[in-house]
Amino acid sequence: MTYIDYANRYWRVARANFASNNSAFLYFFLLDYVNGLRWQQPFRCPTALITGTFHISKQQVINARQELVKLGLIIFKEGTSRQVPPVY
C-alpha cells in the first residue's frame, strides 16, 4: 500500500464509523512516523511523543488507539516501560 492508500483507507473507515478527531490525529501521526522510518514495520513509538506533539493526555491517546484497533486500522502491542515503548 502507498501513503495515499492508507490515507484513503482511513477516510473510508472513519466516515462509516464516525471516528473521533483524536483517532485521526493519531492515525496520521503514525502514518507520518512510519514513513519517516521508511516503512520499517513493526515500529515502536513512545506515547509521550504523541502526547507532546498533539498536547493531549495519555488517556486520550489510549482511547484513540483503542478506537483505531477496534476499526481495524492499526495493530498495537502495549509497551512495558518508557524505555520499551508500544509497538505498532
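Biologist: Which residues of α3 are buried?

Modeller: This is a predicted model, and only computed values are used here. Buried means under 20% relative accessible area. In α3, the residues that count as buried are T47, I50 and T51.

Biologist: What arc do they cover around the axis of α3?

Modeller: An α-helix has 3.6 residues a turn, so residues three or four places apart point the same way. The buried residues of α3 are T47, I50 and T51. They sit on the same side of α3, because their arc around the axis is only 95°.

Biologist: Which helices do the buried residues of α3 pack against?

Modeller: Take T47, I50 and T51, the buried residues of α3. Their packing partners are α2 and α4.

Biologist: Is T47 buried or exposed?

Modeller: T47 belongs to helix α3, which covers residues 47–54. Its contacts beyond four places in sequence are K58, V61, R65 and P86. The cut-off for buried is under 20% relative accessible area. T47 has 13%, so it is buried.

Biologist: How far apart are the axes of α2 and α3?

Modeller: Two packed helices are described by the angle between their axes and the distance between the axes. For α2 and α3 the angle is about 115°. The crossing of α2 past α3 is right-handed. The distance between the axes of α2 and α3 is 11 Å.

Biologist: How many nonpolar residues are in the contact of α2 with α3?

Modeller: From α2 come F25, L26, F29, L30 and Y33, and they meet L49, I50, T53 and F54 of α3. By class, this contact of α2 with α3 has one polar residue and no charged ones. The nonpolar residues number eight.

Biologist: Are α2 and α4 roughly parallel or roughly perpendicular?

Modeller: Helix α2 spans residues 21–36 and helix α4 spans residues 58–70. Their axes come within 8 Å and cross at roughly 80°. Angles of 65 to 115 degrees count as roughly perpendicular. Therefore α2 and α4 are roughly perpendicular.

Biologist: How many charged residues are in the contact of α2 with α4?

Modeller: On the α2 side are N22, S23, L26 and Y27; on the α4 side are Q60, V61, A64, R65, E67 and L68. The contact of α2 with α4 divides into five nonpolar residues, three polar ones and, as charged residues, two.

Biologist: Where is R44, and what is its relative accessibility?

Modeller: R44 is in the loop between α2 and α3. Beyond four places in sequence, R44 is in contact with Y33, V84, P85, P86 and V87. R44 counts as partly exposed, because its relative accessibility is 41%.

Biologist: Which peptide bond is cis, with omega near -5°?

Modeller: Most residues other than glycine have a negative phi, and most peptide bonds are trans. The loop between α2 and α3 also holds P42. The cis bond, with omega near -5°, runs from Q41 to P42.

Biologist: What is the phi of F18?

Modeller: F18 lies in the loop between α1 and α2. F18 is exposed, with a relative accessible area of 74%. F18 is not a glycine, yet its phi is positive, about 50°.

Terms used: Residues are numbered from 1 along each chain as its sequence is written. This is a predicted model: local features need pLDDT of at least 70, side-chain atom pairs count only at pLDDT 80 or more; totals for chains, interfaces and linings use all residues. Side-chain values use heavy atoms; hydrogens and water are left out. Axes are lines fitted to C-alpha atoms, for helices over the stretch in contact, and angles run from 0 to 180 degrees between N-to-C directions. Helices (H or I, at least four residues) and strands (E, at least two) are DSSP runs, numbered from the N terminus. Angles under 35 degrees count as roughly parallel, over 145 as roughly antiparallel, 65 to 115 as roughly perpendicular and the rest as oblique. Contact means heavy atoms within 4.5 Å. Ala, Val, Leu, Ile, Met, Phe, Trp, Tyr, Cys and Pro count as nonpolar, Asp, Glu, Lys and Arg as charged, and the others, Gly among them, as polar. Buried means under 20% relative accessible area, exposed over 50%, partly exposed in between (1.4 Å probe, protein chains only). The arc is that of the directions from the helix axis to the C-beta atoms. A crossing is left-handed if the near helix is turned anticlockwise from the far one by less than a right angle, and right-handed if clockwise.
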